[in-house]
Amino acid sequence: MVMKTQRQRPGYRRTVAAVGLLVAGGLLTCAGVLGTALLASTKVMPTGHMDPTHPTGSRVTFNLLASEVNRGQVVLFEGSAWEDPSLHVERVVAVGGDHIAYKHGDRTLTLNGKPLDEPYVLNGDPVAGSRGAFSVKVPEGRLFVLGDNRQNSADSRYHFDESEGGTIPLSAVKGPLLTFDDPLAVLLGSSLVTGLGLLLLSAVSGIAARLARRRALTAWTTGAATVSGVPR
């Protein structure tokens with residue numbers, strides 16, 4: 001009988017494919033998991049100050065790689081400027097050079113002299129909870145931040161005496177909210193999905209290889225029994 005080489009053995013190619021898929025899938029899955037742990041930060045909202053956008057108990061993830069912060073973005077930042085070492089989540093409504101103001105009787109805040117459109121605020125009331133009129137010229141390198149639930153948010157309006165017009169330094173920002181279309185989210189999500197898909201294919205290929213070997217062994221055993229004259 002001619003001995004079969006390793007590559008001629010039943011299920012060999014499927015076994016090699018399974019190992020390759022396992023390695024690739026494992027690497028991509030680990031990259032996605034480790035990337036999420038190192039490049040993103042997830043925080044559970046402890047209060048309703050960001051209602052209705054991010055209600056109490058919701059999980060929000062932030063991009064720790066982003067270096068740019070724009071108006072309208074929700075950010076995670078250190079509260080040291082407000083004499084509070086904990087991390088906070090608020091929305092940026094004004095950046096360095098902007099003039100943010102509120103006058104009694106106004107139904108909106110004004111940004112650089114124009115009414116500020118804020119469709120995200122709770123009950124459509126952007127001036128709720130304001131202690132009084134204010135006018136802040138945001139210094140360069142700083143941000144004026146507010147919660148979406150203006151009635152229940154201890155934001156920049158409540159820290160005028162602790163920092164420059166209640167603003168926070170840009171350097172205190174850990175990162176903006178990680179959205180689904182953010183390149184980092186797409187990259188990490190793709191790595192996880194692709195990695196898990198390859199692991200599944202590896203399992204299928206491994207099972208197929210094992211079945212092929214089992215069928216070959218059964219056929220060989222049956223053939224050997226027939227040749228030797230042993231009844232089946």
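Close-up 1. Leaving aside neighbours within four places in sequence, Leu109 is in contact (heavy atoms within 4.5 Å) with Ile100, Ala101, Tyr102, Lys114, Pro115, Leu116, Glu118, Pro126, Val127, Phe134, Leu146 and Arg150. This is a predicted model, in which local features need pLDDT of at least 70 and side-chain atom pairs count only at pLDDT 80 or more, while totals for chains, interfaces and linings use all residues. Residues are numbered from 1 along each chain as its sequence is written, and side-chain values use heavy atoms, with hydrogens and water left out. Leu109 is, with Val93, Ile100, Phe134 and Phe144, among the residues that touch the most other members of the 15-residue largest nonpolar core. Such a core is a set of buried Ala, Val, Leu, Ile, Met, Phe, Trp, Tyr and Cys residues joined through side-chain atoms within 4.5 Å. Here buried means under 20% relative accessible area, exposed means over 50%, and partly exposed lies in between (1.4 Å probe, protein chains only). Two or more residues of the core come from each of β4 (87-95), β5, β8 and β9; strands are DSSP runs of E with at least two residues, numbered from the N terminus.

**Close-up 2. The open sheet of four strands.** Follow the order β7-β6-β5-β8, with antiparallel pairing; two strands pair if DSSP finds at least two bridges between them. The edges are β7 (114-115) and β8 (134-137), each pairing on one side only. Four bridges join β5 (residues 99-102) to β8 in the antiparallel sense, and Ala101 has Ser135 of β8 as its bridge partner.

**Close-up 3. Aromatic rings across β5 and β8.** Tyr102 and Phe134 form a tilted pair, 6.2 Å centre to centre with 45° between the planes. Rings of Phe, Tyr and Trp (its six-membered ring) pair if their centres lie within 6.5 Å; planes under 30 degrees apart count as stacked, over 60 as edge-to-face and the rest as tilted. Because Tyr102 lies in strand β5 and Phe134 in strand β8, the pair ties together parts that are 32 residues apart in sequence. Both residues are buried, Tyr102 at 11% relative accessibility and Phe134 at 8%. Ring pairs link Tyr102, Phe134, Phe144 and Phe160 into a cluster.

Close-up 4. Asn149 sits in the loop between β9 (142-146) and β10 (168-169), and His49 in the loop between β1 (40-44) and β2 (59-63). Both are buried, with relative accessible areas of 9% for Asn149 and 11% for His49. Look for the backbone oxygen of Gly48, 3.1 Å from a polar atom of the Asn149 side chain. Beyond four places in sequence, Asn149 is in contact with Gly48, His49, Met50, Asp51 and Leu122.

**Close-up 5. Gly72 beside Arg91 and Val92.** Gly72, in the loop between β2 and β3 (74-78), is partly exposed at 30% relative accessible area. Apart from neighbours within four places in sequence, Gly72 is in contact with Arg91 and Val92.

Definitions and conventions: Polar contact = N/O pair within 3.5 Å; in protein donor to acceptor, adjacent residues only side chain to side chain.
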